[in-house]
Amino acid sequence: MVDTNDFYVRYYVGHNGKFGHEFLEFEFRPDGKLRYANNSNYKNDTMIRKEVYVSQSMMQELKRIISDSQILKEDDSKWPEPDRVGRQELEIVLGDEHISFTTSKIGSLVDVQNSQDAEGLRVFYYLIQDLKCLVFSLISLHFKIKPI
């Protein structure tokens with residue numbers, strides 16, 4: 001597999017709306033640091049920021065998920081442009097490859113199916129679902145306050 005120093009992932013989804021700039025962002029750095037931020041002003045909510053280091057085996061699994069998704073073969077030129085509804089950004093560095101995708105927020109698979117590049121956007125959609133699930137699990141497990 002690829003050397004850890006040649007690996008980086010960042011995801012952002014957000015919009016400017018009635019409650020200001022609301023967003024979710026996370027990144028995995030080459031040294032294993034996971035940074036997470038969630039900003040919502042709904043009902044005067046505050047920004048949530050968390051940082052945690054993950055193991056090398058977790059980083060290897062993240063690389064596997066990204067490699068298996070085939071996202072590095074995709075091209076976002078026919079994906080919907082960011083609009084007033086919001087934007088998503090995904091940046092990945094994996095070895096010699098460096099990709100950066102930008103598209104609008106995806107509400108459901110119907111949005112994916114109606115796009116000009118439904119197959120490519122589907123790969124993106126499912127990878128993002130997997131990455132968000134992984135990050136939410138890592139953050140909630142690490143910062144669990146009450147024992148189960």
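Asp76 is buried but forms no salt bridge; Arg87, the nearest side chain of opposite charge, lies 8.5 Å away. A salt bridge would require a side-chain nitrogen of Lys or Arg within 4 Å of a carboxyl oxygen of Asp or Glu. The model in which this residue is described is a predicted one. Asp76 is located in the loop between H1 and E5. A polar atom of the Asp76 side chain lies 2.9 Å from the backbone nitrogen of Thr102. When residues up to four places away in sequence are not counted, Asp76 touches Ser100, Phe101 and Thr102.

The strands of the model were examined next. Six strands form an open sheet in the order E4-E3-E2-E1-E5-E6, and the pairing is antiparallel. Strand E4 (48-53) and strand E6 (97-104) each have a single partner strand and stand at the edges, so one side of each is left without a neighbour in the sheet. From one strand to the next, the twist averages 10°. In general, the strands of a sheet pair through backbone hydrogen bonds, in either a parallel or an antiparallel manner.

Strand E1 (residues 7-17) is paired with strand E2 (residues 20-28) in the antiparallel sense, over nine bridges. Within this pairing, Tyr12 has Glu25 of E2 as its bridge partner, and Gly14 has Phe23 of E2. E1 also pairs with E5 in the antiparallel sense, over eight bridges. Here Tyr11 stands opposite Leu90 in E5. Of the eleven residues of E1, eight are buried, so the strand is largely enclosed by the rest of the structure. Helix H1 (residues 56-69) lies across E1, E2 and strand E5 (87-94), and runs at about 70° to E1.

Apart from neighbours within four places in sequence, Arg49 is in contact with Tyr36 and Ala37. Between Arg49 and Gly107 the separation is 58 residues in sequence and 25 Å in space, taken from C-alpha to C-alpha.

Notes:
Residues numbered from 1 in each chain as written. Predicted model: local features only at pLDDT ≥ 70, side-chain atom pairs only at ≥ 80, totals over all residues. Heavy atoms only, no water. Pairing = 2+ DSSP bridges. Helix = DSSP H or I, 4+ residues; strand = E, 2+ residues; numbered from the N terminus. Axes fitted to C-alpha atoms, helices over the stretch in contact; angles between N-to-C directions. Contact = heavy atoms within 4.5 Å. Buried < 20%, exposed > 50% of the residue type's maximum accessible area, 1.4 Å probe, protein only. Lys, Arg positive; Asp, Glu negative; His and termini not counted. Polar contact = N/O pair within 3.5 Å; in protein donor to acceptor, adjacent residues only side chain to side chain.
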